[in-house]
Amino acid sequence: MAPFEIGETALVVEVPSAEPLVRGLRERYDPSAAYGMPAHVTVLYPFLPRERLDDGVLRALRDLFAARRPFEVVFGGVGRFPGALYLAPEPDGPLRELTEAVTACRPEAPPYGGRFGDIVPHLTVAEGLDGEAAAGLAADLAAGLPMTTFAGGVTLRVFDGEGWRAEGFFPLGEPPVAEFAFPGPLRDRLVAAILNGGKTATAGLLADYEHCGDPLPVAGRWTALADSAGRRVALLETTQVRVVPIREIDEAFARDEGEGYETVAQWRAAHERFWTGPEMSAVLGGPPVIDDDTPIVAERFRLLGLL
């Protein structure tokens with residue numbers, strides 16, 4: 001029997017960049033992981049039952065979170081509750097403030113169901129451990145820290161009897177626009193590939209970011225995907241960012257770009273045509289010189305939901 005009730009809801013800040021470090025342990029020691037709950041910091045659990053989440057409640061949540069700004073979080077250490085192990089976010093104030101803001105609007109849904117007094121933001125890794133086992137796992141986890149991520153929004157998840165299904169996405173502040181290629185047929189193809197789940201990665205020239213003064217993407221950032229008409233059509237979340245020489249792009253990344261590349265050579269030829277083409281050359285003030293050492297911003301992302 002599942003340890004959760006059908007219709008239970010939770011508001012969480014998901015941390016996909018933590019999955020490589022904690023997934024194996026959570027699958028063994030965190031009951032929620034077996035039911036599809038990803039690595040996360042809880043904002044409020046349990047929240048209101050599913051049947052009480054009407055349009056007014058969802059609109060109030062949207063407005064509440066939109067009035068706040070996204071923020072950076074560093075998981076720099078491992079903490080312990082009795083029988084439990086967690087990653088401790090620093091600073092934890094912005095996460096605590098999210099919980100306090102929701103409970104101020106919905107006092108009938110106190111943190112932890114009212115069982116505990118203090119709000120302690122944390123990313124649960126394991127439960128049901130004795131002291132010796134917890135100490136050993138804590139040392140292993142600490143070796144993978146610190147880990148920096150970005151809190152771009154809050155996800156509403158609902159337990160439907162089989163798993164924790166994502167049912168709502170609430171950005172913190174106004175998410176920046178994500179534009180792929182230039183408006184026209186290529187952007188249309190890329191947007192369609194993202195919406196059908198075929199495209200989960202993208203690559204850009206570091207020189208483009210530097211020339212335009214744009215900040216690099218960061219894991220945890222939420223963005224609004226724009227189509228050729230400038231309409232915001234979906235929410236995306238960045239899950240990984242690497243700046244690497246172009247020679248380090250592999251076939252897995254090329255395939256995940258979702259444009260039908262079967263080899264890295266195909267991927268590179270297509271991207272070099274784009275980067276040295278007239279539109280990008282106009283942006284950069286001339287065609288870039290691309291060799292094996294050219295720095296590439298390799299980004300992975302996931303589709304959260306439609307707008």
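Residues are numbered from 1 along each chain as its sequence is written, and side-chain values use heavy atoms, with hydrogens and water left out. In this predicted model, local features need pLDDT of at least 70 and side-chain atom pairs count only at pLDDT 80 or more, whereas totals for chains, interfaces and linings use all residues.

Four strands form an open sheet in the order β2-β1-β7-β8, with antiparallel pairing; strands (E, at least two residues) and helices (H or I, at least four) are DSSP runs numbered from the N terminus, and two strands pair if DSSP finds at least two bridges between them. The edges are held by β2 (40–44) and β8 (164–171), each with a single partner strand, so one side of each has no neighbour in the sheet. Direction ignored, neighbouring strands of this sheet are turned by 35 degrees against each other on average. Strand β1 (residues 9–14) pairs with β2 in the antiparallel sense over four bridges, and E14 stands opposite H40 in β2. Helix α2 (residues 55–66) lies across β1, β7 (153–159) and β8, running at about 50 degrees to β8. Contact here means heavy atoms within 4.5 Å; axes are lines fitted to C-alpha atoms, for helices over the stretch in contact, with angles from 0 to 180 degrees between N-to-C directions.

The structure holds 22 salt bridges, each defined as a side-chain nitrogen of Lys or Arg within 4 Å of a carboxyl oxygen of Asp or Glu. One of them joins D92 and R96 at 2.9 Å, N to O. D92 is partly exposed because its relative accessibility is 25%, and R96 is likewise partly exposed, at 26%; buried means under 20% relative accessible area, exposed over 50%, and partly exposed in between (1.4 Å probe, protein chains only). R165 and D160 also meet in a salt bridge, at 3.7 Å, N to O. Both residues count as partly exposed, R165 with a relative accessible area of 38% and D160 with 37%.

E257 forms a salt bridge with K199, the closest N and O atoms being 3.0 Å apart. This pair links distant parts of the chain, 58 residues apart: E257 is in the loop between α7 (251–256) and α8 (264–275), and K199 is in the loop between α5 and β10 (201–205). Both E257 and K199 are buried. Through shared partners, salt bridges also join E14, R157, E237 and R302 into one network.

E19 is found in helix α1 (residues 19–29) and counts as buried because its relative accessibility is 12%. Leaving aside neighbours within four places in sequence, E19 is in contact with R26, P38 and A39.

V241 lies in strand β12 (residues 232–245) and is partly exposed at 26% relative accessibility. Residues up to four places away in sequence not counted, V241 touches P217, V218, A219, V297, A298 and E299.

L195, L303 and L306 make a nonpolar surface patch of about 270 Å². Patches are made of residues with over 30% relative accessible area and no salt bridge, nonpolar side chains (Val, Leu, Ile, Met, Phe, Trp, Tyr) being joined within 5 Å and like charges within 9 Å; accessible areas come from the Shrake-Rupley method with a 1.4 Å probe, and for residues only the protein chains shown count as cover. L195 is in helix α5 (residues 185–195) and is partly exposed, at 36% relative accessibility.
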